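Trainee: Could you walk me through how to read the fold of a chain and the place where two chains meet?

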Amino acid sequence: MDFWTTPIGWLLWTVGQILLVTVPLLLIIAFLIYGDRKIFAGVQMRKGPNVVGPFGVLQSFADLGKFLIKELIVPAGADKFVFLLAPLISVTLALGSWAAMPLAPGWVISNINVGILYLFAVSSLGVYGIIMGGWASNSKYPFLGALRSAAQMVSYEVSIGFVIITVILLAGTMNLTSIVEKQAGGFWNWNILGGAGLHNLPLAIVMIPMGVIFFISGLAETNRPPFDLPEAESELVAGYAIEYGSTPYLLFYLAEFSNITLMSGLMAVLFLGGWQAPWPTHYLDGLWGTGWSWLASLHGFIMLAIKTFFVFFMNAMVRSVVPRYRYDQLMRLGWKVFLPTSLVAVVLVAGWRVYGGIG
Amino acid sequence: MALQAIAFYLMAAVTLASGLAVVSAKNPVHSVLFLIASFFSSAGLFVLLGAEFLAMLLVVVYVGAVAVLFLFVVMMLDVDFAQLRQGFARYMPLGGLIAGGLAIEMIVVSYTVATHGAARLNDTPMAMGKGAPLGMSNAEAIGRVLYTQYVYFFQAAGMVLLVAMIGAIVLTLRHKPGVKRQVIMDQVLRTPKTGMRMVSPKPGEGIDA
């Protein structure tokens with residue numbers, strides 16, 4: 001292991017880890033995009049993509065090829081540097097946020113102490129890609145989309161922040177791996193039911209609405225319908241992305257889906273126990289420390305994947321079922337409903353932590 | 001470690017270069033973007049110092065919220081920069097004086113801390129952090145100081161922000177008479193009974209309203 005502690009070895013090791021997370025992630029995203037379109041089509045009683053590959057499963061790869069070989073057009077009068085920088089920033093931030101995501105026991109690139117804050121910070125930066133793209137296009141509709149998204153994402157970050165604080169209060173740590181470890185032992189220990197089993201069950205009254213608020217704010221944060229005002233087709237053509245085509249558009253699209261997957265995964269980690277199974281997993285205890293510990297990790301990873309896909313499915317269903325919000329309704333929901341609710345919840349959870357005994 | 005030194009010089013260089021670009025960029029939007037780059041690399045410097053909590057707060061608060069609003073405003077404004085630049089020579093001495101004063105302050109502080117250590121060592125948050133049990137994260141150390149020793153200052157800062165917020169709302173709030181607003185509660189409480197009227201008009205006759 002000596003080589004791995006030298007700077008070059010460390011660099012290779014880290015790059016290897018990053019590739020090990022990013023490449024499967026991109027593959028999963030390709031199929032999630034396909035799944036999203038199939039769910040959307042299914043709700044509308046259409047068939048959805050069904051030409052490329054069996055049942056159309058390779059549709060995303062066909063799209064990828066199409067995007068890559070199209071001509072890159074930069075509009076005249078656009079700020080060329082910022083125009084091309086915007087999608088790069090979007091996709092870098094979207095993929096970079098996976099660094100702190102605990103994927104399975106021991107499977108995390110960077111197990112930092114403030115992991116949850118890191119994810120919150122990086123997701124709050126995602127707005128820059130959109131604002132810069134919309135402004136640099138030098139056109140009215142993208143600009144309107146950018147302004148909308150700036151106001152929308154800043155508003156909903158506030159309530160996401162408070163919801164995250166309730167989870168931090170429950171777990172007593174900001175380390176994502178520790179947050180997941182504290183939810184071990186069965187679904188009754190998950191944060192959505194107050195964490196720590198029957199003792200904290202009264203908190204479920206607070207935490208279930210918090211989970212719902214987090215899910216909805218996540219939709220707004222990732223510009224998903226019913227909150228897709230930055231790219232509302234019927235009002236702004238395609239919002240901030242109008243002037244984009246070819247690879248830059250592909251990067252925006254990729255960043256968006258990476259963020260949606262991240263939000264689904266974060267919902268699973270914060271509220272649904274992350275890589276913990278919904279039942280006690282004593283049968284895995286014997287594997288730790290042996291050559292089979294990867295099997296236990298894989299078990300955890302599959303659990304997380306199932307939960308993430310479940311949240312993603314809900315996400316896709318919301319997209320196909322709920323009509324788009326009007327802008328003032330969106331602002332009202334964020335500032336007048338979610339913010340006070342989550343603020344009260346923070347007070348209640350903090351009070352319970354101090355006066356409700358151990359947690 | 002060599003890697004840390006490389007990271008430090010890289011981020012320090014980016015911070016300084018983008019700080020310089022903030023004041024020299026021709027386009028105000030570019031200035032704000034450079035400001036964001038400068039914030040971001042300062043956050044990186046905090047991480048190198050082991051203050052990861054402060055780094056994340058810097059990114060969340062300044063980059064994620066304050067700078068977004070900056071950008072928002074600057075993009076909407078139509079600033080005439082030729083006009084602004086006219087005063088450059090006139091304000092140069094004043095600006096230079098302020099910059100020089102700040103530079104001297106920073107040099108004095110760095111020199112004093114480097115040679116004599118921080119003043120009133122037992123009171124400072126850093127000392128509390130040092131005296132804290134090993135393995136306490138710096139979020140916890142800051143929280144302990146902020147909510148015990150400095151709780152009144154913390155509350156006072158909160159009050160100042162609250163007053164500023166209320167002031168901004170009071171200044172911009174206008175009650176226009178005669179504007180129809182959506183009352184969500186009325187809409188939610190509407191039932192078919194109150195919202196509909198069943199009529200059966202005879203053929204050849206209308207309904208009088």
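Mentor: We shall take the ground rules, then the fold, then one residue, and then the interface.

Mentor: This is a predicted model, in which local features need pLDDT of at least 70 and side-chain atom pairs count only at pLDDT 80 or more, while totals for chains, interfaces and linings use all residues. Residues are numbered from 1 along each chain as its sequence is written, chains are lettered from A and ligands numbered from 1 in the order in which they are written, and side-chain values use heavy atoms, with hydrogens and water left out.

Trainee: How many helices and strands does chain A have?

Mentor: Helices (H or I, at least four residues) and strands (E, at least two) are DSSP runs, numbered from the N terminus. Chain A has 12 helices and zero strands. The radius of gyration, taken over C-alpha atoms, is set against a globule rule of 2.2 Å times the number of residues to the power 0.38. For chain A the radius is 21 Å, close to the 21 Å that the rule gives for 359 residues, so the chain is as compact as a globular protein of that length.

Trainee: Is A:F338 buried or exposed?

Mentor: Buried means under 20% relative accessible area, exposed over 50%, and partly exposed in between, using a 1.4 Å probe and protein chains only. A:F338, which lies in helix 12 of chain A, is buried, with a relative accessible area of 6%. Contact means heavy atoms within 4.5 Å, and, not counting residues up to four places away in sequence, A:F338 touches several residues, including A:Y156, A:I213 and A:L333.

Trainee: How many residues does each chain bring to the contact, and what area is buried between them?

Mentor: Buried area is the accessible area (1.4 Å probe) that two parts lose on being put together, summed over both. Chain A brings 28 residues and chain B brings 24 residues, and the area buried between them is about 2300 Å², with carbon and sulfur atoms giving 81% of that area. On the side of chain A, A:Y128, A:W135 and A:L147 lose the most area to chain B, together 23% of what that side buries.

Trainee: How many salt bridges are there between chain A and chain B?

Mentor: A salt bridge is a side-chain nitrogen of Lys or Arg within 4 Å of a carboxyl oxygen of Asp or Glu, and the count between chain A and chain B is zero.

Trainee: Which helix of chain A gives the most to the side that touches chain B?

Mentor: Helix 5 of chain A does, with 11 residues.
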